[in-house]
Amino acid sequence: MTTDALRPLDRLVWDWESRRRSQASRDALRALAHAEPEVARVGAADLGDLVEALIGSSRTPRPAGRGRPERDLAGALFRAALRSGHVHPLVSRALVQALVPGLVGVARRLTWGRGGEWESQGAFFVDAITTAWEVVEEWSGQDRTYAVLDVLSAIRCRLRRRIRRHHDLRLSERLASDDERLPEWATPSGSDVEELARAIDRERRELDAGDAAVLYAHRVLGYSLSEISARSGHSRRFLAAGRDRAARALIA
């Protein structure tokens, strides 16, 4: 994790420090404990105490040696707080704070947004926090057996989809750029290869630009799918599917 990535994490912690012992935090804990007996049994005075029960400390990640009973209790508390998150607006904020160690894990698994739209690790982590808040708010009131894992999985999937969309957009732009040069590459000839090139050029408005570019590069220019993959950053399987779609469209 870079210093840049730590800045939004530090801001989140600082914000929580200003809220965790507030009167609103005590009111929220009281309302939550009234709705959820499991929360009441913890004996927390405010949401700051509850978050500490969830992750060991509001400042540090969960200890690696934490035992199964403690993990199960934390999971049950998170589930209860998510289920009754509607009792006070600050409950969602507490849940986001409790998710911080898991968010760092999600960021690492997604290589801090590498290949996506973000200019820095810090920018990616800001969106990870925002996404966490969105999921917690959307799911407030739901009873999920594996609430922590479900929430983190949803966050990871949403961020991964954004990375994938950005990746696909960049690939489409690169391949479409290649496709724009097709008329310059095609030369009049009676060969099958050149006939295919003319067919692609002729039907280009009816074909997906990316699919047409893959078909042209593979069948006309003779590049292997591995070479196209290395150049475009997309998998061979994805490229083969695009090539085949374009071929089918030409003979339809």
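Helices here are DSSP runs of H or I with at least four residues, numbered from the N terminus. Before you click, know that this is a predicted model, where local features need pLDDT of at least 70, side-chain atom pairs count only at pLDDT 80 or more, and totals for chains, interfaces and linings use all residues. Residues are numbered from 1 along each chain as its sequence is written, and side-chain values use heavy atoms, leaving out hydrogens and water.

**Stop one: a crossing.** Select helix H2 (residues 23-35) and helix H4 (residues 47-55): their axes come within 8 Å and cross at roughly 65 degrees. Axes are lines fitted to C-alpha atoms, for helices over the stretch in contact, and angles run from 0 to 180 degrees between N-to-C directions. Now show side chains: Ser25, Ala28, Leu29 and Leu32 in H2 meet Leu47, Gly48 and Leu50 in H4.

A nonpolar core is a set of buried Ala, Val, Leu, Ile, Met, Phe, Trp, Tyr and Cys residues joined through side-chain atoms within 4.5 Å; buried means under 20% relative accessible area (1.4 Å probe, protein chains only). In the largest, with 50 residues, pick Leu99, Phe125, Val151 and Ile155, which touch the most other members. H8 gives the most to this core, eight residues.

**Stop three: a second core.** Select Ala197, Ile200, Tyr216 and Val220, which are included in a separate core of eight residues.

**Last stop: H6.** Nine of the nine residues of H6 are buried, so this helix is largely enclosed by the rest of the structure. Arg93 and Gln97 are among those buried residues.

Conventions:
Helices (H or I, at least four residues) and strands (E, at least two) are DSSP runs, numbered from the N terminus. Contact means heavy atoms within 4.5 Å.
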